[in-house]
Amino acid sequence: MQSTDVDVIVIGAGPAGENVAGRVVRGGLSCAVVEEHLAGGECSYYACIPSKALLRPMELAAEVRRVPGLELGPVDPAAVLARRDEAVSGLNDGGQVDWIEKLPATLLRGRGRLAGPRLVDVTALDGTVTRLRARHAVVLATGSVPVLPPVPGLAEARPWLSRDATTVRRVPARLAVLGGGVVACEMGQALHALGARETTLLVRGSGLLGRMEPFAGDLLADSMRAAGIDVRLGAEVTRVERDADPVVVHLADGSAIEADELLVATGRRPAVDDLGLEAVGLADGGPVRVDDSMRVPGVDWLYAVGDLNGRNLLTHMGKYQARVCGDVVVARAKGRPDDLPALRDTSDGRGAPQVVFTDPQVCAVGRTEHAARADGFDVRTVEYDLGRVSGAYLRGDGYTGRAKAVIDERRRVLLGVTFAGPAVAELLHAATVAVTAEVPLDTLWHAVPAFPTVSEIWLRLLEEYGL
Ligand SMILES: Cc1cc2nc3c(=O)[nH]c(=O)nc-3n(C[C@H](O)[C@H](O)[C@H](O)COP(=O)(O)OP(=O)(O)OC[C@H]3O[C@@H](n4cnc5c(N)ncnc54)[C@H](O)[C@@H]3O)c2cc1C
Ligand SMILES: NC(=O)c1ccc[n+]([C@@H]2O[C@H](COP(=O)([O-])OP(=O)(O)OC[C@H]3O[C@@H](n4cnc5c(N)ncnc54)[C@H](O)[C@@H]3O)[C@@H](O)[C@H]2O)c1
């Protein structure tokens with residue numbers, strides 16, 4: 001068997017893996033990246049990019065409807081799908097391959113598998129196996145795959161998973177969606193706006209976006225219902241049938257829903273199948289747990305970044321972990337201090353920033369009230385109606401939204417902030433800075449928001465607090 005030595009091997013060229021390669025090469029190490037499908041990963045071709053391309057027309061149409069004097073024509077699904085195709089480069093990864101090769105790093109097409117300490121076997125499409133040996137580190141960045149719940153008949157009913165929704169060519173007229181999380185809400189709304197006239201969301205829990213502040217899910221459910229989406233909370237699917245078309249979804253209350261397609265969006269699990277974890281003494285199954293330097297405890301040459309480690313299933317957090325990991329690997333390889341503040345992941349545990357690109361948008365950073373209380377903080381919260389902020393009112397008639405800040409009363413700093421409303425995504429980074437830097441509220445008071453912007457919400461929240 002051919003064998004090649006290299007400083008660092010990265011398995012998986014998604015956003016996390018690519019960024020590890022970028023950092024280790026910048027630090028003077030050689031790197032081989034192993035990718036079995038498309039360089040750029042789930043995010044570039046099947047997840048973040050196409051979903052946001054599909055959602056943008058819906059967002060813009062909602063904005064236009066709120067401003068008198070503008071004419072809104074009918075949505076042209078073919079043009080929207082064409083722009084989506086352009087955004088994913090027609091599923092061609094040439095640009096990302098160029099980027100990797102220019103680092104320079106070596107890209108190996110094939111499936112990577114741990115074969116022993118510092119050893120990775122790469123099986124190419126034609127079955128040829130190449131053995132790689134890492135002088136310093138192996139970094140696992142294989143991402144995650146969707147979960148299919150064990151509902152009788154579901155697997156046989158050929159349900160759609162997130163990739164089917166983001167690569168859609170023909171929008172089904174009747175769409176059922178199982179789940180009430182981020183994928184269900186984003187893709188349910190996007191497909192409804194593109195022509196899925198009968199869209200039904202089947203949500204097991206008592207609200208949408210269960211990990212966020214409940215008011216955000218409530219506002220989103222109101223908006224979906226106003227747009228004609230049937231949002232069913234507390235819905236338990238007992239059985240799914242599909243002999244030919246349509247698919248029939250049976251619920252515990254005895255009712256049934258007919259749909260042309262059923263999208264299942266019930267979470268994701270780490271992509272650990274056949275990764276060879278057992279070859280290095282690790283249990284095969286759950287997320288690959290890491291310490292804050294992204295190293296797998298007990299295996300000093302092995303690291304895991306991105307969705308695979310289960311910390312936060314978000315592109316920007318995977319890339320952040322990749323920067324930490326790459327720099328740690330370089331520091332350790334060169335015998336430099338590896339415990340500087342920039343070389344530790346301190347952001348994942350605090351509540352990662354996240355934007356849900358629905359109408360209204362929902363975004364949050366840090367702890368929810370529930371999480372802050374569970375963590376034992378002396379919590380006080382303040383809330384404010386975003387529609388009462390002049391900058392929001394000027395964006396359009398009937399602007400509806402809300403903001404909530406969670407405060408550590410003992411230290412008078414922000415623990416978390418949530419916004420729900422049209423175009424709130426760009427408010428999030430200010431919140432992220434305030435939460436991350438633990439800016440005292442008395443200092444934040446002097447960060448004066450410009451008039452008339454939606455950012456005046458900061459002033460209103462602080463006034464509500466009593467400043
Ligand atoms: C519909 C949808 C929308 C999303 N939207 C957003 C969003 O707006 N913002 C956001 O922050 N996050 C979003 N996410 C989450 C985001 O896509 C992931 O967090 C991100 O892609 C994780 O990056 P990663 O590099 O860890 O893994 P991935 O992007 O999954 O990349 C892993 C790569 O590893 C390769 N691979 C796997 N196993 C092997 C192997 N054994 N050998 C070789 N190669 C292998 C895969 O082919 C893949 O290219 C979304 C997810 C979904 C499903
Ligand atoms: N804009 C973004 O940042 C964005 C967009 C899409 C996806 N993502 C990431 O992708 C990940 C996966 O998204 P997702 O929506 O699949 O997962 P999720 O964890 O956000 O939501 C899963 C949903 O499925 C429900 N569910 C779970 N098991 C079920 C079952 N057996 N029966 C019925 N319902 C069940 C849950 O109650 C929840 O409502 C998320 O963690 C998210 O971080 C991010």
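Figure 1. A backbone N or O atom of E42 lies 3.0 Å from an oxygen atom of ligand 1. The model shown here and in every view is predicted. E36 also uses its backbone: an N or O atom there sits 3.2 Å from a nitrogen atom of ligand 1. D307 contributes through its side chain, with a polar atom 2.7 Å from an oxygen atom of ligand 1. On its own, ligand 1 has 1,000 Å² of accessible area, and the protein covers 91% of it.

**Figure 2. The shell around ligand 1.** There are 34 residues around this ligand. E35, K52, G112, D307 and T315 come nearest. By class, the shell holds 14 nonpolar, 13 polar and seven charged residues.

Figure 3. G267 places a backbone N or O atom 2.9 Å from an oxygen atom of ligand 2. A backbone N or O atom of G181 lies 3.2 Å from an oxygen atom of this ligand. Taken alone, ligand 2 exposes 840 Å², and 77% of that is buried by the protein.

**Figure 4. The shell around ligand 2.** Surrounding ligand 2 are 20 residues. V183, E186, G267, L313 and V355 are the closest. Nine residues of the shell are nonpolar, six polar and five charged. Helix α7 (182–193) and strand β17 (354–356) each supply at least two of the shell residues. The largest share, three residues, comes from α7.

Figure 5. The chain has 14 helices and 21 strands. Its radius of gyration is 24 Å, close to the 23 Å that the globule rule gives for 467 residues, so the chain is as compact as a globular protein of that length. The C-alpha trace spans about 65 × 65 × 40 Å along its principal axes. Buried residues make up 50% of the 467. Among contacts between residues at least 6 apart in sequence, 65% join residues at least 24 apart. The accessible surface comes to about 20,900 Å², with 51% belonging to carbon and sulfur atoms.

Terms used. Residues are numbered from 1 along each chain as its sequence is written. Chains are lettered from A and ligands numbered from 1 in the order in which they are written. This is a predicted model: local features need pLDDT of at least 70, side-chain atom pairs count only at pLDDT 80 or more; totals for chains, interfaces and linings use all residues. Side-chain values use heavy atoms; hydrogens and water are left out. A residue is near a molecule or strand if one of its heavy atoms lies within 4 Å of it. A polar contact is a pair of N or O atoms within 3.5 Å; within protein, one must be able to donate a hydrogen and the other to accept it, and residues adjacent in sequence count only if both atoms are side-chain atoms. Accessible areas come from the Shrake-Rupley method with a 1.4 Å probe; for residues, only the protein chains shown count as cover. Helices (H or I, at least four residues) and strands (E, at least two) are DSSP runs, numbered from the N terminus. Ala, Val, Leu, Ile, Met, Phe, Trp, Tyr, Cys and Pro count as nonpolar, Asp, Glu, Lys and Arg as charged, and the others, Gly among them, as polar. The radius of gyration is taken over C-alpha atoms; the globule rule is 2.2 Å times the number of residues to the power 0.38. Buried means under 20% relative accessible area, exposed over 50%, partly exposed in between (1.4 Å probe, protein chains only). Contact means heavy atoms within 4.5 Å.
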